[in-house]
Amino acid sequence: MIKCFWYMLLGGLIAFSPYRALAVEFCDMQSVVATYKAALHRKKYGDVESAHKTFLKLAHAAVAPAQRHVAEYFLEEARGDMALEKAIMWSQLATWGGDGAAQDIVKRAVDSARHQVANTGLAWAKDWRPSKADCGLGAGEQQKGDDFQIVGRFPIIRHEKLDEDIFAAFATRLGEAFSEVEAVAPYFAPLVQLIPALEILPSGEGSDRFIQWGEENEWVQVSAGFLHDQSPRQLAYSLVLAAQRHLFAKLDDAEFQDQIATRYGKIKIYGSLYGDVKTKEFLSQMSEAIKQARELPVILRDKVNFLDEIHYMPPSRYHDRRFPDSKLFATYDYRRSHPEKRMMVVTHGIAFQTVEELILELVRVGELAQQHVRIEGMKGQVNSKKREDAILQALQGNLKKMEEAFTGQTAKKQESVTAWEANGPDAVTKVYCESVYAQVKAAIALKMDAISASQTIKFRNCAKARKVWRDYRSGETKK
């Protein structure tokens with residue numbers, strides 16, 4: 001109910017904001033996307049000059065795909081003075097902004113130019129700065145409440161499970177981050193203006209710095225873990241990056257060359273936001289692990305395919321809390337996962353992990369995600385004192401007790417499901433052991449050696465998994 005109230009309040013702020021009239025200044029994502037698509041439509045149907053004028057306005061607002069179109073115009077259409085220098089400048093800026101297609105334009109323009117012309121264009125790019133949109137950044141009066149604040153022109157919403165004091169502290173940190181954007185990301189600073197609102201989420205592990213443009217509410221969700229940073233600079237950069245990723249996803253003819261993210265199939269892989277961890281190695285190794293996991297038996301392969309996102313959140317020297325709470329290499333993020341997004345979080349830095357060891361982690365976390373789905377399906381259906389045992393039996397494939405204990409009549413969330421969600425999947429011994437058992441089956445399928453497998457698999461008290469592994473090793477020894 002509280003969150004619904006803030007949704008309505010936010011809608012009212014957007015509807016009656018004095019900045020809404022400044023849409024031409026590109027202060028919101030909808031205006032940018034609509035303007036870009038209209039210009040692209042005109043260009044496709046031959047109205048090149050009109051399209052160029054619109055793309056040029058967007059280019060001055062730091063929209064990289066528009067900068068690419070401007071570069072194409074100066075390279076292929078314009079006949080005025082210094083057109084080639086302008087093509088080099090705009091294509092270089094678009095490349096820095098993450099537009100993958102712009103890299104080819106830079107090469108073509110530089111290759112066709114004299115040395116002095118090329119140097120001039122590249123120097124212009126280095127000295128260029130975007131136009132400032134008058135969106136009231138930092139000028140708005142601060143409005144404060146336990147669940148809602150306005151920092152500058154940005155509505156800030158508290159997640160229902162976030163502590164009020166942490167929320168208040170994070171609003172201050174956001175104000176510091178907004179003031180740092182121009183220094184941290186001088187070529188892309190206007191992009192933060194496109195953020196309609198921010199929701200502050202509770203942090204997970206000690207090193208958690210999660211940030212994404214939420215698909216459900218169309219605003220940025222950011223973890224309070226950024227409070228532990230020694231400065232607001234990384235949060236400032238992260239706000240720009242979130243806007244870049246979302247903007248490119250909205251444009252059909254643009255592909256973002258993300259420096260710290262990739263994907264393999266449908267699985268998105270996000271690297272660390274910090275430069276002192278091995279992000280490139282992580283992206284490469286995790287992509288290869290997903291690729292090789294496709295060769296596993298289908299029941300194990302499906303567990304890996306069940307994941308939607310993998311986030312790399314190891315400790316950093318820029319972070320006050322250096323060590324994550326969990327001793328596990330990776331965890332299933334059940335707090336932020338939902339039916340359309342199953343998330344795995346890697347909380348330890350890449351050290352000597354092999355691709356095979358990463359596959360075992362993918363299988364284990366995928367198993368936990370599948371278990372979460374089963375438990376989600378049982379919410380509000382429990383009608384028995386033996387509900388916990390029934391859930392655990394069901395998770396291990398025995399549906400008989402569940403059928404006896406569950407009905408479709410109860411609408412109340414019961415204690416066993418609540419406790420599972422509060423403590424996480426690894427808090428339930430039988431559930432954890434099922435994920436370990438899946439790891440053992442994967443290790444056997446991969447024919448891993450004993451040392452590599454033992455470094456990854458944390459058997460704890462999982463007797464069934466330990467017996468299967470012992471039997472396998474015994475058979476291998478006799479060969």
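This is a predicted model: local features need pLDDT of at least 70, side-chain atom pairs count only at pLDDT 80 or more; totals for chains, interfaces and linings use all residues.
Residues are numbered from 1 along each chain as its sequence is written, and side-chain values use heavy atoms, with hydrogens and water left out. Local features need pLDDT of at least 70 and side-chain atom pairs count only at pLDDT 80 or more, while totals for chains, interfaces and linings use all residues.

Trainee: How many helices and strands does the secondary structure of the chain come to?
Mentor: Helices (H or I, at least four residues) and strands (E, at least two) are DSSP runs, numbered from the N terminus. On that basis the chain comes to 18 helices and 10 strands.

Trainee: What percentage of the residues in the chain is buried?
Mentor: Buried means under 20% relative accessible area, exposed over 50%, and partly exposed in between, with a 1.4 Å probe and protein chains only. The chain has 479 residues, and the buried share of them is 51%.

Trainee: Among contacts in the chain between residues at least 6 apart in sequence, what share joins residues at least 24 apart?
Mentor: Contact means heavy atoms within 4.5 Å. Of the contacts between residues at least 6 apart in sequence, the share joining residues at least 24 apart is 68%.

Trainee: Which strand pairs with β8 in the parallel sense over 3 bridges?
Mentor: Two strands pair if DSSP finds at least two bridges between them. In this pairing, I269 stands opposite I310 in β8. The partner strand, residues 267-270, is β7.

Trainee: How many bridges join β8 to β10?
Mentor: I310 has M344 in β10 as its bridge partner, and Y312 stands opposite V346 in β10. The two strands run parallel, and the number of bridges joining them is 4.

Trainee: Do β9 and β10 run parallel or antiparallel?
Mentor: A330 stands opposite V346 in β10. The strands β9 and β10 are joined by 3 bridges, and their sense is antiparallel.

Trainee: Why does the length of helix α12 agree with its residue count, and how far apart are its end C-alpha atoms?
Mentor: The expected span of a helix is 1.5 Å times one less than its number of residues. Helix α12 (residues 355-376) has 22 residues, so it should span 32 Å. The computed separation of its end C-alpha atoms agrees with this, at 31 Å.

Trainee: Why does L368 count as buried, and what is its relative accessibility?
Mentor: L368 is in helix α12, where 18 of 22 residues are buried. Not counting residues up to four places away in sequence, L368 touches Y332, P425, D426, V431 and S435. L368 counts as buried because its relative accessibility is 0%.

Trainee: Which residue has a backbone nitrogen 3.0 Å from a polar atom of the S316 side chain?
Mentor: S316 is in the loop between β8 (309-312) and β9 (330-332), and S316 counts as buried because its relative accessibility is 0%. The backbone nitrogen in question belongs to Y318.

Trainee: What is the length of the polar contact between the side chains of D147 and R158?
Mentor: A polar contact is a pair of N or O atoms within 3.5 Å; within protein, one must be able to donate a hydrogen and the other to accept it, and residues adjacent in sequence count only if both atoms are side-chain atoms. D147 is in the loop between α7 (115-127) and β1 (148-151), and D147 counts as buried at 13% relative accessibility. The contact joining the two side chains is 2.4 Å.
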